Amino acid sequence: MEKDKKVPYIKRTSSRRKKPGSRSAVWMILPLYAFTLIFVAGPLLYVIALSFTKADGGYTINWSFTLENYTRILEPVYLQTFAQSFQLAFTSTLIICLVGYPFGYFMAKLPPGKKRAAMLFLMLPFWVNSLIRMYGWIILLQKKGVLNFILQKLGIIEKPLSILYSYPAIVVGMVYVLLPFMALSVYSSAEKMDWSLVEAARDLGASGFQAFWTVTFRLTMPGLLSGIILTFVPSMGLFFIADILGGNKIVLVGSLIQEQMTKGNNWPFAAALAVVLMALTTLLIVLYRRITHARELEGIG
């Protein structure tokens, strides 16, 4: 009679045993969380707390709770500042959409070599400081500047135009600074798009405009919306453009915050203005996320 073969003993290990790299991954992520808490969440909480305090004059702060700073924002002069900021942001964003969307769309359709060249020219202004670029626009837009010289030589105008230190000059500066954000956002969406869907729409009898509107525009809508967020929100706070090209004729929310911190020494009121601006920005981002989520559900359905 054969002896029963011994079955080798297999040591069972718990499936819940942590992977060797999980602990090291935690230590790698920990500095990022610490940096976010100290340099992002901490200052934001401080600004929010500061907005509910009072200024005692100078740089001293009375840490007693009050809503006076927020009720002061409801005064007509400050509401007008927010209205001017929204108007300028809307005008600039509209022009940026009309210029940046075609730029990003056609850049995505270029051959690889020309695409890299277009990307280089688009990113080239970022290599120069923004203030230096704004002073360059002063040379172009002033009465004895390059633009008026060219227009007079072509016989288009007889007298120099007063463009500098005006509302159109601020819009030009906003469009110039924020245009790359829109173009890159649209380019990112168009680059990932499946162009065979456009060809299928054309094969089914759709015209060029119908194929663009029903397929291309809908698929690049997330890039357009993200570009709107990246241009609309900063245009309300880029006060240095309004100061340099507008000559302080148009006061933006960012200019008002700077004035309260430097000249008025009213840091709590400046903090309240910043909190309101941050709340409006958050509202726009939430609206953008809801729209994109609804479009994703529509595409799945």
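Me: What does "buried" mean here?
Reply: Buried means under 20% relative accessible area, while exposed means over 50% and partly exposed covers what is in between. Please keep in mind that this is a predicted model.

Me: OK, so is K115 buried or exposed?
Reply: K115 has a relative accessible area of 14%, and because buried means under 20%, K115 counts as buried.

Me: How many salt bridges does the structure hold?
Reply: The structure holds one salt bridge, in which the side chain of K115 meets that of E191, at 3.0 Å from N to O.

Me: Which helices do E191 and K115 lie in?
Reply: E191 lies in helix α7 (residues 167–191) and K115 in helix α4 (residues 112–123), so the pair ties together parts that are 76 residues apart in sequence.

Me: And what does E191 count as?
Reply: E191 counts as partly exposed, because its relative accessibility is 39%.

Me: Back to α7, where is the kink?
Reply: The kink in α7 lies at L178, shortly before the proline P180, and is about 45 degrees.

Me: New topic: where is Q260, and what does Q260 touch?
Reply: Q260 is placed in helix α12 (residues 253–262) and counts as buried, at 9% relative accessibility. Leaving aside residues up to four places away in sequence, Q260 touches Y78, N265, N266, W267, F269, A270 and L273.

Notes: Residues numbered from 1 in each chain as written. Predicted model: local features only at pLDDT ≥ 70, side-chain atom pairs only at ≥ 80, totals over all residues. Heavy atoms only, no water. Salt bridge = Lys/Arg side-chain N within 4 Å of Asp/Glu carboxyl O. Helix = DSSP H or I, 4+ residues; strand = E, 2+ residues; numbered from the N terminus. Buried < 20%, exposed > 50% of the residue type's maximum accessible area, 1.4 Å probe, protein only. Contact = heavy atoms within 4.5 Å. Bend = angle between axes of the 7 residues up to and from the residue.
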